[in-house]
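Please look through the structure shown here, and then follow the explanation below, which takes up the domains, the helices, the meeting of the chains and the nonpolar cores in turn.

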Amino acid sequence: MRFVAEYVRIQVLELLRLPSFFLPLIALPAAFYLMIGVRADLPAAQILFSYLAFAMLGTMMFQFGVGIAATRNDPWNLYLLSLPVSSRVRVASQLIAGLFFAVLFSLPLLLIGLINGAVFTVAPGRFLFGIGALIIGGLVHGALGLALGYWLPARGAVPITNLIYFPLAFIGGLFGTWDLGALQPLHTFSPTGAWADLINSALLGESNGQALAILGGYLLICGFVAIWGYRRVEQTQYR
Amino acid sequence: MTAIVSWEDVSKNYPGKSALSGFTLSLGPGVHCLLGSNGAGKSTALNILTGVRQPTSGTATVLGRAVVRGGPQASLLSCVPQAVTFPPTLKVREVLRFISVHYPDPLDFAAVQDALSLQGILDKQCGGLSGGQLRRLGIAGSIICNAPVLIMDEPLAGLDIEGRAQVRSIILEQRSLGRCIIMASHDYAEIEATADTVTLVKDGRNILSEDIESVRQRLGLYQLSFSADAPLPQAVRALGAVEPMGAGRYRLVTEDPDTASRLLLDILEDPKLNVLQSSLEDAVSVILSEEKA
């Protein structure tokens, strides 16, 4: 546990001092929420949670996806393999650091939600259900980020992730645009769409088996691809 | 010699290429240098010892414990990798602290910073360090671990004169503590100044492992350099292969420096004769070329 804490500390310090990582992920969701979200003709809590999901999606895609892809060939990572610590520590610390940044990048949105009252438009119990739905979707998209991280080439990681990140956010309705017209079927069966639907149901106090099943399917697929990618890296680059 | 580390019949194959082939070597306390041309297998052998790479067959051990990546034997060794990079936004102090927490009995921070003149850069981010400063940080990271085995892949690359002297002094100090220091290097002058043994690696095999003096003496060669006007007299040319060095200087490698010197002094007027025992580099290049033949 001491090692996990040390690895989390070092990753957090490293990324907090990296404006190219930190600034877009903390500022973009808040800026979009203020410019687009607050004007959307939807319940205030639903909009707030959509943007929280957008912030979390960015963290998962960039910390895990780009972060792992860009550094897995790095000599520092090879050096870490020589240290007396199990690979489980490195993986666990990466996940915890991801969680830390997901919470951190959500804070500006929650602050705006407190100021504009969006937080108070839903009962505390349903708010907690919403948080639960947010975490479930975060796990699925964390697995997606890991899958990208272990398969994307280092050089193409940023543009490819951007190509996936924004369309996924749009299709999922995370900007508060729920009427996608002809793209609506994509919304339902996309990971971000199922996530948004699950959050929406949770805020309304309803269950949503379909969204859960879709997210479960994505978790299995992304988890499998991530583990496959991890083993590929272990067996080729680090073997 | 008590073996601290050993490779036993270690092979490492990549698709279409064998990096190590039945590599066997045991090393005890002292400074040991792995020598060989680029791609000979030196770094692969070291990476297998640190657990970064896994052998295709054979075993590597540290104090009798088989090497497992991240296993308990890893706390018995510390390393300076060939390509040293550190996360650019971390500070030197943070990197050293991070490395040291992995080890049961790390050294005092102050001792390491003094030995490598790190005082001025402790609060600098690694991204702002020069190549030499990065190298010194890598070495500091290995020293602070206070581990019985120290692995250094090209430890002097990129260092200035002061840095080289510091690292040489650190290596010798570690030797005096009874540590096993293993270096891969191409810097023959530094090897001669610090190493106790050399191991020649060629095509992934250990072709010779002896103390430095034995390697040098087993050739028994001397290098004579002298001045002469061209064309060289027939008697001088008859001494063996005489190579021009430029500016009227010539070089002759011989097993019998006394006879050759007498003859040169008799025939040539003021030859400014210089006699040197063959260097480690000469010896290694001869051994490697004999092996090739």
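**A walk through the model**

In chain B, the domain assignment gives domain 1 (5–216) and domain 2 (222–277), the bounds coming from an automatic or database domain assignment. Taken over C-alpha atoms, the centres of domain 1 of chain B and domain 2 of chain B are 41 Å apart. This is a predicted model, in which local features need pLDDT of at least 70 and side-chain atom pairs count only at pLDDT 80 or more, while totals for chains, interfaces and linings use all residues. Residues are numbered from 1 along each chain as its sequence is written, and chains are lettered from A and ligands numbered from 1 in the order in which they are written.

Chain A has 10 helices and zero strands, where helices (H or I, at least four residues) and strands (E, at least two) are DSSP runs numbered from the N terminus. The radius of gyration of chain A, taken over C-alpha atoms, is 18 Å, close to the 18 Å that the globule rule gives for 239 residues, so chain A is as compact as a globular protein of that length; the rule is 2.2 Å times the number of residues to the power 0.38. Along its principal axes, the C-alpha trace of chain A spans about 55 × 35 × 30 Å.

Where the chains meet, 20 residues of chain A are in contact with 23 residues of chain B, contact meaning that the C-beta atoms of two residues, placed from the backbone, lie within 7 Å. On the side of chain A that touches chain B, the elements giving two or more residues are α1 (2–16) and α4 (75–81) of chain A, and the largest share, five residues, comes from α4(A).

The largest nonpolar core has 135 residues, and those with the most contacts inside it are Ala53(A), Leu57(A), Ile199(A) and Val149(B). Such a core is a set of buried Ala, Val, Leu, Ile, Met, Phe, Trp, Tyr and Cys residues joined through C-beta atoms within 7 Å, and a residue is buried if 20 or more other C-beta atoms, placed from the backbone, lie within 10 Å of its own. Helix α3 (residues 44–71) of chain A gives the largest share of this core, 18 residues. Leaving aside neighbours within four places in sequence, Ala53(A) is in contact with residues including Leu134(A), Trp195(A) and Ile199(A). A second, separate core of nine residues includes Phe226(B), Leu252(B), Ala260(B) and Leu264(B).

Terms used: Buried ≥ 20, exposed ≤ 12 C-beta atoms within 10 Å, placed from the backbone.
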